[in-house]
Amino acid sequence: MSSVSPLPTILCIDDEALGLQIRKAVLERAGYRVLTAIDGRSGLGLFRDELIDGVVLDYYMPEMDGGVVAQTMRHEQPRVPIMLLSAYINLPAEVVALADVTVLKGEGPTELLEKLRLMLESASSKALGAVR
Amino acid sequence: MKLPEFNRALRQLVVLPLVLLVLMTGVVVWQIVAAARAQRALDHSDQITAQVQRLQNLIIDQETGLRGFQLTGDPGMLAPWTSALDPTQAQFEALRTMLADDPAQLGALNDLNKQYVQWLRFAHGVLNKDAAVLADPQLNQHGKQMMDRIRATARGMLQQQQDVRRHEYQRARRLQRRELYSLLISALVVGTILAVFIRHHVKTISISYLRQIAEITRRSEEVRDSQEWFKTTLESIGDAVIACETNGAVTFMNPVAEKLTGWLLNDAKGHPLEDVFRIVHESTREAAENPVEKVRRLGHVIGLANHTLLIARNGPEFVIDDSAAPIRNASGEMIGVVLVFRDVTEERRMQAALVASEKLAVAGRLAASIAHEIHNPLDSVANLHFLLEQENDPAQRAEYLRLAQQELGRTMQISRTMLSLYREPRAPIQLNLQELIEGVLLLLDRRLQHQGIRMEANISKALMVEGFPAELRQVFTNLIVNAIEAAGPRGRIRIRMEHAEAAELQGTGAVIEVADSGPGITEDVARRLFQPFFTTKGANGTGLGLWVSMGIVQKHGGAIRVANCNEPEWPGACVRVFLPARTLAWAGQPSA
């Protein structure tokens, strides 16, 4: 575990401001520390400046879409798990391959939280394995 | 061979033989005349001989009379002497005339005359002497000598005349031979010339005749072939063809026309066209104008009215696309009318299917952005619901409920827009173009944002037009999506809308202009833009968008023009759509 904070820090990126705020509230309620960014560029800034345990990334965004953001993150810090959120069913395969988990918007908060928990656990166990 | 040549040949065939025969006759006549002259000379010679002989006989008769008188002294014995005296003198005169052209014989005659005169003198002497004198033998001897000289001269003359006759005879024979030869030769020459000449001319004429025959045969074969060719062509072409006289009586139908009209050519021949070719307007079912009448009135090719329905004799109906044209003879006079038409029922069905398929493609393209639009607020609502369940603070709960309400409102607006896309009234309705285009922009908003496109929409004027909202929405969706794709990421699109005053051939209405900052269109693309299946988007385009849009706009009585903007700020394409304030469009009308 690389984080200093007792709470796992989640970076949430979505161009939909209202949706982002509501998602932040849900994640905080579930016990995460949440950082938000309204576009890919500012999201990547936070990703570089902060210690991030997991990323919840919207795919469809203007200017820089989730695929490009995920690719940059993988390139810079490959171990940070990425959850890709999308309203589309047919995401490009190479984009899906970049993410640890893809979640369809509208699956509901329970599903989201469960998948996020599993993703983080899986990432931390991989990290432990790597340390050992 | 042309007619003048032929006439000249005929003239030559008459004139030349005539001339040759005249020449030949001339030669023959000349020969005959010459021969006759020779014969006359011969006769003349014979006459002279006879006359000389007669003269000689007369003189001998005188001598005989004289001798008898000498012997007997009987004056009765002198009868021959007396009777021959005058004839002898006349005979001399006659012979002198006859021998005028023969000096030698004339000289001999004169000698004879002289000798005769001497003898006469002697004879007179004898007559005047007495009988004793008369018996004198010397005297007799003298008389005998004189008479012998006369006889010798006469014989010489006869001999000479004999020579002349022989000469003349030979000449006559020669002339006869020459006459024969010249006749034969001239006949041969004339015959040969005529044979050669006639042979040449007859040969020329017969060659020319054979050529003419061959030419006529070839022409008639060509005519037959070309008739056959035209007939086969007309029978083989896929379009129906009916030909009729200017009075409308049917003269020809090809098999396709037979099939569509339900009439066989043999039955239809002579029938008025309106019996065989019954056409009505597709929707109103009013009888359409008789095309023969129209062609006769206008005198040129006409395309018949759109939406023409042909009712076959046996019942079936076909939507047809047709044209009629005058048939003119070489002098430009109208001798009939030909109708060409085609069953477009299937084509109409295909077009309708294509229109439907484009509608589906548009819906498909929109579905993705609609799903996204709806999923986002739904996701938020689900999240808010989750938070509400765990929240006890009433203020916080109220805030969550307000947010949920807001998100639901957004969802409903999108679903309403989506529904209106397919809810179509039966008749055109009054439409607020601003609302309509804003609705389209709302649905495309995500896409615009995603591409980072700056939209300059100057559509605040409240312009009303009549029309079918779903169809017009499809048109503007298509035009704006095209503009988005042309402009590319971070491009710009400008939408302007203005009132259009009535102009020639067009009433008042609205012009909507969509311009983009893309690369513009080439001339080649501009030419093919409105053709079905033409796309610049490769596998991502159906190639039906502009074609269907054009159909919709035309159905509304409007027009679409695509050109490059040619403004420094706007290098790309500029699509201008004119929509009339009032439309004559009706719901069942096909839009392409």
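Reply: From the N terminus on, the elements of chain A run β-α-β-α-β-α-β-α-β-α. That comes to five helices and five strands. The model is a predicted one. Chain A has 132 residues, and buried residues make up 39% of them. Among contacts in chain A with a separation of 6 or more, 61% are between residues 24 or more positions apart.

Start with the sheet. The five strands form an open sheet in the order 2-1-3-4-5, with parallel pairing. Strand 2 and strand 5 of chain A are the edge strands, and each pairs on one side only. From one strand to the next, the twist averages 20°.

Now two of the pairings. Strand 3 of chain A runs parallel to strand 4 of chain A, and four bridges join them. Here A:Val55 has A:Ile82 in strand 4 as its bridge partner. Four bridges also join strand 4 (residues 82-86) to strand 5 (residues 101-104) of chain A, again running parallel. In that pairing, A:Met83 has A:Val101 in strand 5 as its bridge partner. Between these two strands the chain passes through helix 4 (residues 93-98) of chain A, and this β-α-β crossover is right-handed.

Next, helix 3 of chain A. Its buried residues are A:Gly66, A:Gly67, A:Val69, A:Ala70 and A:Met73. Seen down the axis of helix 3 of chain A, they fall within an arc of 160°, so they line one face of the helix. An α-helix has 3.6 residues a turn, so residues three or four places apart point the same way. On the other side of helix 3 of chain A, A:His75 and A:Glu76 are exposed. The buried residues of helix 3 pack against strand 1, helix 2, strand 3 (54-58), strand 4 and helix 4 of chain A.

How does helix 3 of chain A lie on the sheet, and which strands does it touch? Helix 3 of chain A packs on the sheet and touches strand 1, strand 3 and strand 4 of chain A. The direction of helix 3 makes about 160° with that of strand 3 of chain A.

Take A:Arg48, which lies in helix 2 of chain A. Is A:Arg48 buried or exposed? A:Arg48 has 12 C-beta neighbours inside 10 Å, so it counts as exposed. The cut-off behind this is 12 or fewer for an exposed residue. A:Arg48 and A:Gln77 are 29 residues apart in sequence. In space, C-alpha to C-alpha, A:Arg48 and A:Gln77 are 8.9 Å apart.

Then the side that touches chain B. In this contact, 17 residues of chain A meet 18 residues of chain B. Helix 1 (residues 17-29) of chain A gives the largest share of the chain A side, seven residues. By class, the chain A side has nine nonpolar, three polar and five charged residues.

Five strands of chain B form an open sheet in the order 9-11-12-14-13, and the pairing is mixed. Strand 9 (454-458) and strand 13 (559-564) of chain B stand at the edges, each with a single partner strand, so one side of each has no neighbour in the sheet. The twist in this sheet averages 15° from one strand to the next.

Strand 12 (residues 509-516) and strand 14 (residues 573-580) of chain B run antiparallel, joined by seven bridges. B:Val514 stands opposite B:Val575 in strand 14 of chain B. Helix 13 (residues 469-487) of chain B packs on the sheet, where it touches strand 11 (492-500), strand 12 and strand 14 of chain B. The direction of helix 13 makes about 20° with that of strand 12 of chain B. Helix 15 (residues 545-555) of chain B also packs on the sheet, touching strand 13 and strand 14 of chain B. Its direction makes about 135° with that of strand 13 of chain B.

How values were computed: Residues are numbered from 1 along each chain as its sequence is written. Chains are lettered from A and ligands numbered from 1 in the order in which they are written. This is a predicted model: local features need pLDDT of at least 70, side-chain atom pairs count only at pLDDT 80 or more; totals for chains, interfaces and linings use all residues. Two residues are in contact if their C-beta atoms, placed from the backbone, lie within 7 Å. Ala, Val, Leu, Ile, Met, Phe, Trp, Tyr, Cys and Pro count as nonpolar, Asp, Glu, Lys and Arg as charged, and the others, Gly among them, as polar. Two strands pair if DSSP finds at least two bridges between them. A crossover is right-handed if, with the strands pointing away from the viewer, the path from the first strand over the helix to the second runs clockwise. A residue is buried if 20 or more other C-beta atoms lie within 10 Å of its own, exposed if 12 or fewer, and partly exposed in between; C-beta atoms are placed from the backbone. The arc is that of the directions from the helix axis to the C-beta atoms. Axes are lines fitted to C-alpha atoms, for helices over the stretch in contact, and angles run from 0 to 180 degrees between N-to-C directions.
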